[in-house]
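Colleague: I am new to reading models like this one. Please show me the structure, and then I will ask my questions.

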Amino acid sequence: MEANKNNNVGVNHHHHHKEEEDDDELLKTRISSHPLYERLVENHLNCLKVGGIGDRGRNNSKSNQRKAEHSISTKINPCCSSMQLNQSELDLFMEGYCSALSKLKEAMEEPQQQTIAFINGMHSQLRDLARPTHLSPDVFLQETARNNSKYVD
């Protein structure tokens, strides 16, 4: 009798696990067929590009898109997959996720832009320092000597 009970628990657990997988697949299908899905993938790829991740595999853009799609589908909130989202909940989820990715991209770009501005400023200062002055070194030395002689008298 105990063995029969344990067997039923195993069957119920397997059945429950299968239902969760089916729910996950249904949710992934609904998300991937949603009108905002392409925007979601594009925003995700844009975030990867800011970090330089997307630039390494330019020849592999299809591979990057598949990775982004997989990443998006695996980041689905687990609480959402166990319940059936109605269309308005899915719309809100998609809009919120797209918005969050856009804000993330902007937040990632800001320090990068500040760094580029700093480097450009330093480069400009170095270029200015390296420019030959309109006075040759000999003329500069003569000017310095003339200025110093004013103080000696």
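Colleague: What percentage of the 153 residues of the protein chain count as buried?

Modeller: This is a predicted model, where local features need pLDDT of at least 70, side-chain atom pairs count only at pLDDT 80 or more, and totals for chains, interfaces and linings use all residues. Residues are numbered from 1 along each chain as its sequence is written, and side-chain values use heavy atoms, with hydrogens and water left out. Buried means under 20% relative accessible area, exposed over 50%, and partly exposed in between, with a 1.4 Å probe and protein chains only. Of the 153 residues of the protein chain, the buried share is 20%.

Colleague: How many helices and strands does the protein chain have?

Modeller: Helices (H or I, at least four residues) and strands (E, at least two) are DSSP runs, numbered from the N terminus. From that end, the elements of the protein chain run α-α-α-α-α-α-α. The count is seven helices and zero strands.

Colleague: Which kind of aromatic pair do Phe 93 and Tyr 97 form?

Modeller: Rings of Phe, Tyr and Trp (its six-membered ring) pair if their centres lie within 6.5 Å; planes under 30 degrees apart count as stacked, over 60 as edge-to-face and the rest as tilted. The structure holds one such pair. The ring centres of Phe 93 and Tyr 97 are 5.7 Å apart and the planes stand at 65 degrees, so the pair is edge-to-face.

Colleague: Where do Phe 93 and Tyr 97 both lie?

Modeller: The two residues are four apart, about one turn of the helix. Phe 93 is partly exposed because its relative accessibility is 21%. Tyr 97, at 16%, counts as buried. Both lie in helix 6 (residues 87–130).
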